[in-house]
Amino acid sequence: MRMILLNPGPVTLSPRVRESMLGPDLCHREPEFAVLQGKIRRQLLEIHALDAAQWAAILLTGSGTAAVEAMVSSLVPSDGRLLVIENGVYGERISNIARRHGIATERVEHPWLTGLDLPRIEAALRASGPFTHVAVVHHETTSGRLNDLQQLATLCAAHGAELLLDAVSSFGAEEIDFTGWPLAAIAATANKCLHGVPGTAFVIARRSALASAGETCRTIYLDLQAYLKNQDQQGTPFTQSVQTFYALSAALDELAQEGGWKTRRESYRNRMAKVRRHLLNLGISPLLAEGESSCVLNAFHLPAGLGYTALHDELKARGFIIYAGQSSLAQQIFRISTMGDLSEGDIQRLCSAFDEILEGGRSRP
Ligand SMILES: Cc1ncc(COP(=O)(O)O)c(C=O)c1O
(Lines give C-alpha, C1' and ligand atoms only; values in the text may rest on other atoms or scores of the structure.)
Protein backbone atom coordinates (compact mmCIF):
# COMPACT_ATOMS: atom_id res chain seq x y z
CA MET A 1 0.00 0.00 0.00
CA ARG A 2 1.29 3.51 -0.87
CA MET A 3 1.72 5.41 2.41
CA ILE A 4 0.80 9.11 2.32
CA LEU A 5 2.79 11.17 4.81
CA LEU A 6 0.73 13.96 6.37
CA ASN A 7 3.31 14.59 9.11
CA PRO A 8 5.36 17.81 8.85
CA GLY A 9 8.25 16.23 6.96
CA PRO A 10 9.67 13.98 5.70
CA VAL A 11 7.16 14.20 2.88
CA THR A 12 5.66 11.86 0.30
CA LEU A 13 8.20 11.90 -2.52
CA SER A 14 7.54 12.32 -6.21
CA PRO A 15 8.85 9.47 -8.38
CA ARG A 16 11.40 11.86 -9.91
CA VAL A 17 12.87 12.87 -6.54
CA ARG A 18 12.93 9.24 -5.35
CA GLU A 19 14.66 8.02 -8.53
CA SER A 20 17.20 10.86 -8.51
CA MET A 21 18.86 9.22 -5.50
CA LEU A 22 19.95 6.35 -7.76
CA GLY A 23 22.30 8.77 -9.58
CA PRO A 24 25.97 7.84 -10.05
CA ASP A 25 28.28 7.28 -7.07
CA LEU A 26 30.03 10.58 -6.55
CA CYS A 27 32.95 11.79 -4.46
CA HIS A 28 32.35 15.15 -2.78
CA ARG A 29 35.85 16.29 -3.89
CA GLU A 30 35.14 15.77 -7.62
CA PRO A 31 34.15 18.58 -10.01
CA GLU A 32 30.77 16.92 -10.71
CA PHE A 33 29.85 17.41 -7.05
CA ALA A 34 30.91 21.07 -7.22
CA VAL A 35 28.55 21.52 -10.19
CA LEU A 36 25.69 19.89 -8.28
CA GLN A 37 26.34 21.99 -5.16
CA GLY A 38 26.61 25.20 -7.19
CA LYS A 39 23.33 24.45 -8.99
CA ILE A 40 21.46 23.88 -5.71
CA ARG A 41 22.90 27.05 -4.15
CA ARG A 42 21.80 29.09 -7.19
CA GLN A 43 18.34 27.50 -7.28
CA LEU A 44 17.72 28.20 -3.60
CA LEU A 45 18.43 31.90 -4.19
CA GLU A 46 16.25 31.93 -7.32
CA ILE A 47 13.15 30.90 -5.32
CA HIS A 48 13.00 34.46 -3.96
CA ALA A 49 14.99 36.08 -6.78
CA LEU A 50 17.90 36.91 -4.44
CA ASP A 51 21.06 38.54 -5.71
CA ALA A 52 24.06 36.21 -5.20
CA ALA A 53 26.29 39.23 -4.54
CA GLN A 54 24.23 40.03 -1.43
CA TRP A 55 22.93 36.66 -0.30
CA ALA A 56 24.45 33.20 0.02
CA ALA A 57 22.78 29.82 0.29
CA ILE A 58 24.97 27.61 2.50
CA LEU A 59 24.35 23.87 2.38
CA LEU A 60 24.80 21.62 5.40
CA THR A 61 24.42 17.91 5.96
CA GLY A 62 21.99 17.61 8.85
CA SER A 63 18.35 18.17 9.75
CA GLY A 64 16.54 21.49 10.16
CA THR A 65 17.87 21.92 13.69
CA ALA A 66 21.44 21.86 12.33
CA ALA A 67 20.60 24.81 10.10
CA VAL A 68 18.95 26.72 12.98
CA GLU A 69 21.92 26.02 15.26
CA ALA A 70 24.40 27.04 12.54
CA MET A 71 22.48 30.27 11.95
CA VAL A 72 22.26 31.26 15.62
CA SER A 73 25.83 30.26 16.53
CA SER A 74 27.44 31.81 13.45
CA LEU A 75 25.49 35.05 13.09
CA VAL A 76 25.27 36.45 16.60
CA PRO A 77 28.72 37.98 17.16
CA SER A 78 30.72 37.21 20.31
CA ASP A 79 29.63 40.50 21.88
CA GLY A 80 26.09 40.30 20.39
CA ARG A 81 22.79 40.03 22.26
CA LEU A 82 19.84 37.93 21.16
CA LEU A 83 16.13 38.29 21.90
CA VAL A 84 14.22 35.07 21.22
CA ILE A 85 10.47 35.13 20.63
CA GLU A 86 8.88 31.86 21.74
CA ASN A 87 5.38 30.59 21.05
CA GLY A 88 6.00 26.89 20.64
CA VAL A 89 8.51 24.05 20.74
CA TYR A 90 10.76 25.45 18.02
CA GLY A 91 11.05 28.96 19.48
CA GLU A 92 11.97 27.39 22.80
CA ARG A 93 14.57 25.27 21.01
CA ILE A 94 16.24 28.42 19.65
CA SER A 95 16.64 29.72 23.22
CA ASN A 96 18.18 26.41 24.28
CA ILE A 97 20.60 26.50 21.37
CA ALA A 98 21.62 30.08 22.17
CA ARG A 99 22.16 29.26 25.84
CA ARG A 100 24.30 26.21 25.01
CA HIS A 101 26.54 28.46 22.92
CA GLY A 102 26.85 30.97 25.74
CA ILE A 103 25.09 33.70 23.77
CA ALA A 104 23.67 36.58 25.85
CA THR A 105 19.98 35.79 25.42
CA GLU A 106 16.63 37.13 26.63
CA ARG A 107 13.28 35.56 25.82
CA VAL A 108 9.75 36.76 25.27
CA GLU A 109 7.64 33.72 26.14
CA HIS A 110 4.07 33.21 24.91
CA PRO A 111 1.59 30.42 25.57
CA TRP A 112 1.81 27.95 22.68
CA LEU A 113 -1.53 28.84 21.19
CA THR A 114 -1.13 32.60 21.04
CA GLY A 115 0.21 34.92 18.38
CA LEU A 116 3.01 37.43 18.87
CA ASP A 117 2.33 39.99 21.60
CA LEU A 118 3.94 43.00 19.92
CA PRO A 119 3.59 45.47 22.81
CA ARG A 120 5.40 42.99 25.09
CA ILE A 121 8.09 42.40 22.48
CA GLU A 122 8.53 46.13 22.03
CA ALA A 123 8.76 46.57 25.81
CA ALA A 124 11.51 43.91 25.92
CA LEU A 125 13.37 45.59 23.07
CA ARG A 126 13.23 48.88 24.98
CA ALA A 127 13.77 47.67 28.53
CA SER A 128 16.59 45.16 28.06
CA GLY A 129 18.03 46.31 24.70
CA PRO A 130 19.96 46.98 22.64
CA PHE A 131 19.85 43.59 20.93
CA THR A 132 21.90 42.85 17.84
CA HIS A 133 19.46 40.08 16.80
CA VAL A 134 15.91 38.87 17.26
CA ALA A 135 15.19 35.20 16.53
CA VAL A 136 11.71 33.90 15.74
CA VAL A 137 9.99 30.94 14.10
CA HIS A 138 8.05 31.79 10.97
CA HIS A 139 5.62 28.86 10.93
CA GLU A 140 5.44 27.50 14.49
CA THR A 141 4.74 23.87 13.61
CA THR A 142 3.70 23.14 17.20
CA SER A 143 0.31 24.75 16.58
CA GLY A 144 0.35 25.42 12.81
CA ARG A 145 0.48 29.17 13.44
CA LEU A 146 2.05 31.37 10.80
CA ASN A 147 3.58 34.11 12.90
CA ASP A 148 2.79 37.56 11.54
CA LEU A 149 6.26 38.91 10.90
CA GLN A 150 5.48 42.18 9.18
CA GLN A 151 5.04 44.19 12.37
CA LEU A 152 7.81 42.34 14.18
CA ALA A 153 10.12 43.23 11.28
CA THR A 154 9.16 46.90 11.61
CA LEU A 155 9.87 46.79 15.36
CA CYS A 156 13.26 45.15 14.80
CA ALA A 157 14.21 47.73 12.18
CA ALA A 158 13.21 50.55 14.55
CA HIS A 159 15.42 49.06 17.29
CA GLY A 160 18.39 48.27 15.05
CA ALA A 161 18.12 44.49 15.49
CA GLU A 162 18.48 41.98 12.65
CA LEU A 163 16.14 39.03 12.31
CA LEU A 164 17.18 35.38 12.43
CA LEU A 165 14.28 33.41 11.03
CA ASP A 166 13.56 29.72 11.56
CA ALA A 167 11.85 29.08 8.23
CA VAL A 168 12.25 25.31 8.49
CA SER A 169 8.55 24.63 7.91
CA SER A 170 7.71 27.63 5.71
CA PHE A 171 10.50 28.15 3.17
CA GLY A 172 9.19 27.32 -0.29
CA ALA A 173 5.50 27.87 0.45
CA GLU A 174 5.02 31.00 2.57
CA GLU A 175 6.01 34.60 1.93
CA ILE A 176 9.42 35.71 3.22
CA ASP A 177 10.15 39.36 2.48
CA PHE A 178 13.91 39.32 1.95
CA THR A 179 13.99 42.98 0.92
CA GLY A 180 11.47 44.50 3.37
CA TRP A 181 12.37 42.66 6.60
CA PRO A 182 15.73 43.27 8.33
CA LEU A 183 16.79 39.65 7.81
CA ALA A 184 20.31 38.55 8.63
CA ALA A 185 19.49 34.94 7.72
CA ILE A 186 16.87 32.24 7.44
CA ALA A 187 17.34 28.54 8.22
CA ALA A 188 15.46 25.79 6.40
CA THR A 189 15.58 22.18 5.27
CA ALA A 190 15.21 20.09 2.12
CA ASN A 191 12.53 17.74 3.35
CA LYS A 192 9.57 20.00 4.04
CA CYS A 193 8.05 22.52 1.59
CA LEU A 194 10.80 21.88 -0.98
CA HIS A 195 9.86 18.16 -1.20
CA GLY A 196 13.40 16.78 -0.96
CA VAL A 197 14.57 14.17 1.54
CA PRO A 198 15.97 14.55 5.08
CA GLY A 199 19.73 15.01 5.22
CA THR A 200 20.31 18.42 3.64
CA ALA A 201 19.58 21.65 5.46
CA PHE A 202 20.63 25.16 4.56
CA VAL A 203 20.96 28.74 5.70
CA ILE A 204 20.38 31.68 3.39
CA ALA A 205 22.42 34.50 4.89
CA ARG A 206 23.04 38.09 3.97
CA ARG A 207 26.73 38.11 3.12
CA SER A 208 27.31 41.38 4.98
CA ALA A 209 25.65 39.96 8.14
CA LEU A 210 28.02 36.98 8.15
CA ALA A 211 31.00 39.22 7.51
CA SER A 212 30.11 41.56 10.36
CA ALA A 213 29.51 38.65 12.78
CA GLY A 214 33.21 37.82 12.36
CA GLU A 215 34.70 34.57 13.68
CA THR A 216 32.36 33.50 16.46
CA CYS A 217 34.39 30.28 17.05
CA ARG A 218 31.47 28.57 18.84
CA THR A 219 31.42 25.39 16.77
CA ILE A 220 33.52 23.48 14.27
CA TYR A 221 30.88 21.52 12.37
CA LEU A 222 28.25 24.26 12.12
CA ASP A 223 30.56 27.20 11.36
CA LEU A 224 28.85 29.02 8.48
CA GLN A 225 31.93 31.15 7.81
CA ALA A 226 33.91 28.02 6.98
CA TYR A 227 31.11 26.58 4.84
CA LEU A 228 30.70 29.83 2.94
CA LYS A 229 34.40 30.18 2.22
CA ASN A 230 34.63 26.58 0.97
CA GLN A 231 31.39 26.60 -1.00
CA ASP A 232 32.24 29.90 -2.70
CA GLN A 233 35.40 28.13 -3.88
CA GLN A 234 33.34 25.14 -5.13
CA GLY A 235 34.44 23.00 -2.18
CA THR A 236 33.04 21.73 1.09
CA PRO A 237 34.65 21.58 4.54
CA PHE A 238 33.14 18.15 5.29
CA THR A 239 31.64 15.18 3.46
CA GLN A 240 28.19 16.10 2.24
CA SER A 241 25.24 13.76 1.88
CA VAL A 242 25.57 13.33 -1.89
CA GLN A 243 22.37 11.35 -2.51
CA THR A 244 20.23 13.86 -0.62
CA PHE A 245 21.82 16.59 -2.76
CA TYR A 246 20.61 14.67 -5.85
CA ALA A 247 17.13 14.60 -4.34
CA LEU A 248 17.13 18.31 -3.46
CA SER A 249 18.33 19.21 -6.93
CA ALA A 250 15.47 17.22 -8.52
CA ALA A 251 12.98 18.69 -6.04
CA LEU A 252 14.10 22.24 -6.86
CA ASP A 253 13.73 21.54 -10.59
CA GLU A 254 10.16 20.39 -9.89
CA LEU A 255 9.38 23.47 -7.79
CA ALA A 256 10.61 25.79 -10.56
CA GLN A 257 8.68 23.88 -13.23
CA GLU A 258 5.50 23.99 -11.12
CA GLY A 259 5.75 27.80 -11.03
CA GLY A 260 7.66 28.49 -7.79
CA TRP A 261 6.70 29.10 -4.18
CA LYS A 262 3.47 31.02 -4.88
CA THR A 263 2.06 28.15 -6.94
CA ARG A 264 3.04 25.75 -4.19
CA ARG A 265 1.32 27.95 -1.58
CA GLU A 266 -1.81 27.94 -3.72
CA SER A 267 -1.85 24.17 -3.99
CA TYR A 268 -1.26 23.74 -0.23
CA ARG A 269 -4.07 26.24 0.46
CA ASN A 270 -6.46 24.33 -1.80
CA ARG A 271 -5.62 21.03 -0.15
CA MET A 272 -6.01 22.47 3.37
CA ALA A 273 -9.28 24.23 2.53
CA LYS A 274 -10.78 20.87 1.45
CA VAL A 275 -9.53 19.08 4.56
CA ARG A 276 -10.73 21.83 6.93
CA ARG A 277 -14.17 21.99 5.30
CA HIS A 278 -14.58 18.23 5.39
CA LEU A 279 -13.44 17.82 9.00
CA LEU A 280 -15.63 20.71 10.15
CA ASN A 281 -18.63 18.97 8.55
CA LEU A 282 -17.73 15.92 10.61
CA GLY A 283 -17.63 18.03 13.77
CA ILE A 284 -13.83 18.17 14.01
CA SER A 285 -12.81 21.76 14.63
CA PRO A 286 -9.48 23.38 13.78
CA LEU A 287 -7.28 24.60 16.62
CA LEU A 288 -6.67 28.01 15.03
CA ALA A 289 -8.70 30.27 12.76
CA GLU A 290 -7.97 29.95 9.06
CA GLY A 291 -6.25 33.34 8.86
CA GLU A 292 -3.87 32.43 11.70
CA SER A 293 -2.78 29.07 10.30
CA SER A 294 -0.06 28.38 7.77
CA CYS A 295 -0.93 26.71 4.48
CA VAL A 296 1.59 24.00 5.38
CA LEU A 297 0.04 22.39 8.45
CA ASN A 298 -3.13 22.77 10.48
CA ALA A 299 -3.91 21.35 13.91
CA PHE A 300 -7.35 19.95 14.79
CA HIS A 301 -9.07 19.03 18.03
CA LEU A 302 -9.34 15.28 18.48
CA PRO A 303 -12.91 14.09 17.88
CA ALA A 304 -14.91 13.35 21.02
CA GLY A 305 -14.41 9.78 22.18
CA LEU A 306 -11.49 9.04 19.85
CA GLY A 307 -7.93 9.22 21.22
CA TYR A 308 -4.92 10.09 19.08
CA THR A 309 -3.51 6.56 18.93
CA ALA A 310 -6.80 5.06 17.76
CA LEU A 311 -7.25 7.78 15.11
CA HIS A 312 -3.64 7.44 13.97
CA ASP A 313 -3.86 3.65 13.70
CA GLU A 314 -7.18 3.69 11.83
CA LEU A 315 -5.77 6.20 9.34
CA LYS A 316 -2.50 4.30 9.01
CA ALA A 317 -4.42 1.14 8.18
CA ARG A 318 -5.91 3.16 5.29
CA GLY A 319 -2.52 4.50 4.12
CA PHE A 320 -2.27 7.90 5.86
CA ILE A 321 0.20 9.06 8.53
CA ILE A 322 -0.99 11.96 10.70
CA TYR A 323 0.98 13.65 13.46
CA ALA A 324 0.42 13.97 17.20
CA GLY A 325 0.43 17.16 19.24
CA GLN A 326 3.52 17.79 21.41
CA SER A 327 3.69 17.74 25.23
CA SER A 328 0.54 19.21 26.76
CA LEU A 329 -1.19 19.21 23.35
CA ALA A 330 -0.69 15.46 22.86
CA GLN A 331 -4.08 14.54 24.37
CA GLN A 332 -5.92 17.38 22.65
CA ILE A 333 -4.94 17.70 19.01
CA PHE A 334 -3.71 16.00 15.87
CA ARG A 335 -1.92 17.67 12.95
CA ILE A 336 -2.19 17.32 9.21
CA SER A 337 0.34 18.69 6.76
CA THR A 338 -0.31 19.46 3.10
CA MET A 339 3.29 19.03 1.96
CA GLY A 340 4.57 16.48 -0.51
CA ASP A 341 3.62 14.89 -3.79
CA LEU A 342 -0.10 14.56 -3.06
CA SER A 343 -2.90 14.40 -5.62
CA GLU A 344 -6.49 15.62 -5.36
CA GLY A 345 -7.45 11.95 -5.21
CA ASP A 346 -5.25 11.48 -2.12
CA ILE A 347 -7.06 14.32 -0.32
CA GLN A 348 -10.40 12.89 -1.39
CA ARG A 349 -9.43 9.46 -0.06
CA LEU A 350 -8.28 11.04 3.21
CA CYS A 351 -11.69 12.67 3.61
CA SER A 352 -13.40 9.35 2.91
CA ALA A 353 -11.13 7.64 5.44
CA PHE A 354 -12.29 10.12 8.12
CA ASP A 355 -15.92 9.45 7.09
CA GLU A 356 -15.43 5.72 7.52
CA ILE A 357 -13.61 5.98 10.85
CA LEU A 358 -16.09 8.40 12.42
CA GLU A 359 -19.09 6.58 10.97
CA GLY A 360 -17.71 3.28 12.37
CA GLY A 361 -17.30 4.94 15.78
CA ARG A 362 -20.86 6.25 15.77
CA SER A 363 -22.40 2.91 14.80
CA ARG A 364 -20.38 0.96 17.42
CA PRO A 365 -22.47 0.22 20.51
C1 LIG B 1 9.73 25.30 12.67
C2 LIG B 1 10.67 24.13 12.86
N3 LIG B 1 11.92 24.38 13.24
C4 LIG B 1 12.81 23.39 13.42
C5 LIG B 1 12.45 22.07 13.22
C6 LIG B 1 13.44 20.99 13.45
O7 LIG B 1 13.71 20.30 12.28
P8 LIG B 1 14.41 18.86 12.32
O9 LIG B 1 13.50 17.94 13.03
O10 LIG B 1 14.56 18.58 10.84
O11 LIG B 1 15.72 19.02 12.97
C12 LIG B 1 11.14 21.77 12.84
C13 LIG B 1 10.71 20.38 12.65
O14 LIG B 1 9.57 20.07 12.38
C15 LIG B 1 10.23 22.84 12.64
O16 LIG B 1 8.97 22.59 12.28
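In this predicted model, the centres of domain 1 and domain 2, taken over C-alpha atoms, are separated by 27 Å. The domain assignment gives domain 1 as 4-8 + 259-363, and domain 2 as 15-258.

**Contact between the domains**

Across the boundary, 24 residues of domain 1 are in contact with 22 residues of domain 2. On the side of domain 1 that touches domain 2, two elements give two or more residues: α10 (261-281) and β11 (297-301). Of these, α10 gives the most, with 5 residues. The make-up of that side of domain 1 by class is as follows.

| Class | Residues on the side of domain 1 that touches domain 2 |
|---|---|
| Nonpolar | 11 residues |
| Polar | 8 residues |

**The nonpolar core**

The largest nonpolar core has 110 residues. Helix α9, which covers residues 242-258, gives the most to this core, with 9 residues. Both domain 1 (4-8 + 259-363) and domain 2 (15-258) give residues to the core, so it lies between them.

Within the core, the residues with the most contacts are I58, L75, A185, F202, V203 and A205. The surroundings of A185 can be listed in detail. Leaving aside neighbours within four places in sequence, A185 is in contact with M71, L75, L164, V203, I204, A205, R206 and A209.

Note on methods:
Residues are numbered from 1 along each chain as its sequence is written. This is a predicted model: local features need pLDDT of at least 70, side-chain atom pairs count only at pLDDT 80 or more; totals for chains, interfaces and linings use all residues. Domain bounds come from an automatic or database domain assignment. Two residues are in contact if their C-beta atoms, placed from the backbone, lie within 7 Å. Helices (H or I, at least four residues) and strands (E, at least two) are DSSP runs, numbered from the N terminus. Ala, Val, Leu, Ile, Met, Phe, Trp, Tyr, Cys and Pro count as nonpolar, Asp, Glu, Lys and Arg as charged, and the others, Gly among them, as polar. A nonpolar core is a set of buried Ala, Val, Leu, Ile, Met, Phe, Trp, Tyr and Cys residues joined through C-beta atoms within 7 Å. A residue is buried if 20 or more other C-beta atoms lie within 10 Å of its own, exposed if 12 or fewer, and partly exposed in between; C-beta atoms are placed from the backbone.
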